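I am opening my notebook for a first look at this protein. Follow along with me, entry by entry.

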Amino acid sequence: MAEPTEKSKPTGRQLRAIEVPFVADGPSGVAIRDRLKNLTPADEEVLRVVGGHLGSLASGDLKRRCADGFAHSADRWAVRKRGLTGQSSSRWAGSITKASHDQWALARRGQLAHIQNLEAGIRTLQHRLSLPLGAKGNKRAPGGYRSRHEWFAKSRRLAALTDRLERERADFQAGVVHVVRGGKRLLNTRHHLDEAGLTEQEWRECWEAERWYLAADGESGKRYGNETICVTPDGEVSIKLPAPFAHLANAGHGRYVLAARVVFAHRGEEWRERVAVNRAVAYRIHHDVRRGRWYLTASWQHPTFQAIPLQTALADGVIGVDTNAGHFAAYRLDRHGNPVGDPHRFRYDLTGTSAHRDAQLRHAITRLLHWAKRSGVAAIAIEDLDFAAEKTREKHGRRKRFRQLISGLPTGKLKARLMSMASEVGVFIVAVDPAYTSRWGTQHWQQPMAAPRRTLTRHDAASIAIARRALGLPIRRRTAPPPDDQSDRRGHRTAQAGPGDRGREETRRPVTERAHDARPRTGNPQRTRATSASKTVRDARSARNMGPRLTPEH
């Protein structure tokens, strides 16, 4: 269950509500890749001319789809498809038009995200410009600017962002999107060839290869699940040639059979089972210009299953994982919320090329999953993080190192990779709210879990907090303290449980009878409270309450 909204002890501000943890859905599809080896020069030439021809058709169709905007309809789609069929084939035309729709929809989502980012930056600039120079900020809002020069520069930037936001809003309302086939980053690389280490000819080859189109969607019930790019169970690859290049066919029905054979080392058996029963498989042929290699990627969809109940996934405990810029900090907890064993740390290096970063991340996740299986745990808890709105220069200003730090956290790629790899080994992913996990974990778990031979970092303490939140248990061992009154101050304990929390922590029992002769004992410095009565016979209560002592003479 979610932790209630409480008031913080130091500031008294209202804490935000904690979202309920949930079991994340598994991957909806899978993609595998293999290299096309032993291609002949004729094979490569056919792939180049076919890819270039289909790429030009895809560019023209995407232009027409963007020009339609909101006026798109099934009739317009049919007209575009008929126009492409004569220059390629019906299946190539269907694949190209569908790719154009997907690209337009993706551009719309990116346009909306850009508008939201501009709005957040403008709000931050307006807030900081309204403050006096040198005004201090807090955790919720930044302060004012340091000098009049910086204030003036930021006012100019506010005007630029406002103008840019108006243009983006106008385009979004009109359904106008801007798409670069081949990628905007590669297009801008043309102006920085020395930094990229490319010549103009090498860049031109990369640009043309990225704009090729050699992809075909699968169709269930057809031969081997795809009749446009067909791959047999023994690895033979054949392509349906467009109508203008039918004379290049080396097999029947206008097909060209490549000399290369594919053997999918990963998920090969699953792929062969699909093509053997003619289930849909989509293929894409890609050329890596720098390496001089050709690749074939096969992809298909998984049936969507309903996630199991949260309590079932947490029946054997959970492993909490705290994601950091250079490592995963993990701790195992039993189903009662007690830490078991020692913390684990799985390091990775996110510098270098994208292939190196991806390999490092996959290796760290693999070691994490292997440890989870050895521990007998069926669930891994991670924070549902999203730093999309936390990287802006308007919010953090000169804190470039902090912006680089949060940019280095692999939040989106981690969740996708972890869910995909965990589903293959039978481990479930539980997403929890990231609010206050690091702060409360450090405050309540770092020091108690430390030992002479075990040093607990704040990241390890945060992993404990994440796991306890996944289990539905409170991170803080006590709730917020009561307000001040005449008889009891907040200093007597760190926190006090509420009246309805006796199951979690008993409230201090009231003392119904106080000894009237209780007095502080200063002789023993270890004692902090006086006893209810004196321990000597002379000062006993019974002796003082009796009358005058009788002597033998009386």
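**Entry 1: ground rules.** Residues are numbered from 1 along each chain as its sequence is written, and side-chain values use heavy atoms, with hydrogens and water left out.

**Entry 2: confidence.** I looked up pLDDT, the predictor's confidence in each residue, from 0 to 100. The chain has a mean pLDDT of 82, with 78% of its residues at 70 or more. Residues 491–499 fall below 50, yet this stretch has 22 contacts in the model beyond near neighbours in sequence; a contact means heavy atoms within 4.5 Å. Residues 513–522 are also below 50, with 21 such contacts beyond near neighbours in sequence. I remind myself that where pLDDT is low, the predicted coordinates should not be read in detail.

**Entry 3: the six-stranded sheet.** In which order do the six strands of the open sheet lie? I read β1-β13-β12-β9-β10-β11, with mixed pairing. Two strands pair if DSSP finds at least two bridges between them. At the edges I find β1 (22–23) and β11 (339–347), each pairing on one side only. β1 runs antiparallel to β13 and is joined to it by two bridges; Phe22 stands opposite Ala431 of β13.

**Entry 4: strand β12.** This strand covers residues 379–383, and five of its five residues are buried. Buried means under 20% relative accessible area, exposed over 50%, and partly exposed in between (1.4 Å probe, protein chains only).

**Entry 5: helices.** I followed helix α10 (residues 354–375), which lies across β9, β10 (327–333), β11 and β12 and runs at about 10 degrees to β10. Axes are lines fitted to C-alpha atoms, for helices over the stretch in contact, and angles run from 0 to 180 degrees between N-to-C directions. Next, α14 (residues 437–446) packs against α15 (residues 458–470) at about 105 degrees, with axes 7 Å apart. That makes α14 roughly perpendicular to α15, a label for angles of 65 to 115 degrees. Among the residues that meet are Trp440 and Trp445 in α14 and Ile464 and Arg468 in α15.

**Entry 6: the four-stranded sheet.** Here the order is β2-β8-β7-β3, an open sheet with antiparallel pairing. β2 (29–35) and β3 (215–216) each have a single partner strand, so one side of each is left without a neighbour in the sheet. Inside, seven bridges join β7 (residues 282–288) to β8 (residues 293–301), and His287 has Trp294 in β8 as its bridge partner.

**Entry 7: cysteines.** How many disulfides does the structure hold? I found zero, a disulfide being a pair of cysteine sulfur atoms within 2.5 Å. Cys66 counts as buried at 18% relative accessibility, and Cys230 is buried at 4%.

Methods:
Predicted model: local features only at pLDDT ≥ 70, side-chain atom pairs only at ≥ 80, totals over all residues. Parallel < 35°, antiparallel > 145°, perpendicular 65-115°, else oblique.
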